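Here is a friendly note to read alongside the model. Please keep the 3D view open as you go through the points.

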Amino acid sequence: MRYLSKILDGVTFTELQGSADVQITSVTADSRKVSPGTLFVAVKGTQVDGHAYIEQAIKDGAVAIVCEELPGHTVGEVNFLMVSNSAAALGILASNFYDKPSAKLKLVGVTGTNGKTTVATLLYQLFTDLGYKCGLLSTVENMISGKVIPSTHTTPDPVALNSLLNDMVNAGCDYAFMEVSSHAVAQHRIEGLQFSGGIFTNLTHDHLDYHKTFENYLKAKKAFFDGLPKTAFALTNIDDRNGNVMLQNTKAHKKSYALKTMADFKVKVLEDQFSGLLLNIDGEEVWFKMVGMFNAYNLLAVYGAAMLLDQDKAKTLTSLSKLSGAEGRFDYVISPNRIVGIVDYAHTPDAVQNVLSTIKDIRKGTEKVITIIGCGGDRDKAKRPVMAKTACDWSDKVILTSDNPRSEDPAQIIKDMEAGVDPSNQRKTISIVDRREAIKTAVHLAQPGDIILLAGKGHEKYQDVKGVKSHFDDKEELLNAFKTLSN
């Protein structure tokens, strides 16, 4: 419980009706979570406007309301604070309510289209192995010093986010590593947080259903770096054409990493095979369990961040060499008759190409590559034909299937993908709506030594159809299909 006057620290408000000398028991932007003593923040969201629920919040016991527009009439005694942007105010209010937890540990954010989960997870694993208590906020899962907290969003809402960070502080965590999505930046979910560092992985086509243009998507990523304090570091991949853009206005200490360009942290790929990577990283030859050029970038980003956080070089490389990264990222299994199955979260054209180009580099040349791929419903439709084209260009056989169709007709999503299949590639493309059947078909088409890429869902353990999430695990389905080969 805190006084409203303390929670308002750093919040610019245009008008106060009532008193700031009132005790607050909780902060929320969700009217369903209002209880006596709550500070309710009316946020104008993409689908719901919280201003429509102010009256109900007051009836349920809210003692103070933060809003952009005053309601026409009110019920009962309540304090009103007018602000220009409720979403931005919410982040600061949530941080203050939990006594600014991000300032009590070293918080590092990772942003980019691909690699966020792997980099954040590797940082968590690395620093845990180095002996620190750590927290992780990622797409796959949230972790507090070894304890798993289920994850529902890449970046939680500000109240949940600060609550988790506060739990990390109470658990004695020294570091916290989190994915920072473009949605989170645009929706002010990271407002009020104090970062010790930021990492940029890359930027490719994604989320244009939300951001509308690539420029807006770029600006959202860049805004994270623009907001970093001068006490933080900003580590960017300058092999990416947008890497230097991220650093243009940041006050943070600027550092870079690259495979192809002169940079502060460099790596050279010496060997890349299914068993792992041999890298010359910052002058040292080290064998890593992870696979692919994209993971060389991820490992280098983690190494660079560790050095900027003053860790010992030899201990860092030794620990990194033992780690395997995030679940559902180039996760491979081999059937009894030597068919290789790879499960990967790749759900953008660039990510699919990265995985398939890695497979091409590793394969001996005679194996066929069979790719199973879909696109999510209610998401960026522009990338659907591009995803199919990319899969066809880099595979010997492609099965177009369902991902998470959500409210859309899965057959229509597949039709949208088929539009990207060139006439020359139509003969090697099959469309199967049922994902389980698509996996079974791929396994029965494959010969010993062939490689099956199951792209799109990675770590997810469900399929979302018409608002209903039912259990579906790509890796589990692949292993079950492999079992039928030996029966």
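Predicted model: local features only at pLDDT ≥ 70, side-chain atom pairs only at ≥ 80, totals over all residues.

1. Residues are numbered from 1 along each chain as its sequence is written, and side-chain values use heavy atoms, leaving out hydrogens and water.

2. Look at helix α9 (residues 293–308) and helix α10 (residues 313–320), whose axes are 10 Å apart and which pack at an angle of about 150 degrees. The two helices are therefore roughly antiparallel (angles over 145 degrees count as such). Helices here are DSSP runs of H or I with at least four residues, and strands are E runs of at least two.

3. Who meets whom? On the α9 side are L299, V302, Y303, A306 and M307, and on the α10 side K313, T316, L317 and L320; contact means heavy atoms within 4.5 Å. By class, this contact has seven nonpolar residues, one polar and one charged.

4. Next, helix α12 (residues 383–394) packs with helix α13 (residues 410–418) at about 65 degrees, with axes 6 Å apart. R384, P385, M387 and A388 of α12 make the contact with I413, D416 and M417 of α13.

5. Finally, an unreviewed UniProt entry places a "binding site" at G112, T113, N114, G115, K116, T117 and T118. T113 sits in the loop between β8 (106–111) and α4 (116–129), and T113 is buried at 6% relative accessible area (buried means under 20%, with a 1.4 Å probe and protein chains only). G115 lies in the loop between β8 and α4; beyond its neighbours within four places in sequence, G115 contacts T201 and N298.

Technical notes:
Axes fitted to C-alpha atoms, helices over the stretch in contact; angles between N-to-C directions. Parallel < 35°, antiparallel > 145°, perpendicular 65-115°, else oblique. Nonpolar A, V, L, I, M, F, W, Y, C, P; charged D, E, K, R; others polar. UniProt positions renumbered as here; feature names shortened; annotations may be inferred. Buried < 20%, exposed > 50% of the residue type's maximum accessible area, 1.4 Å probe, protein only.
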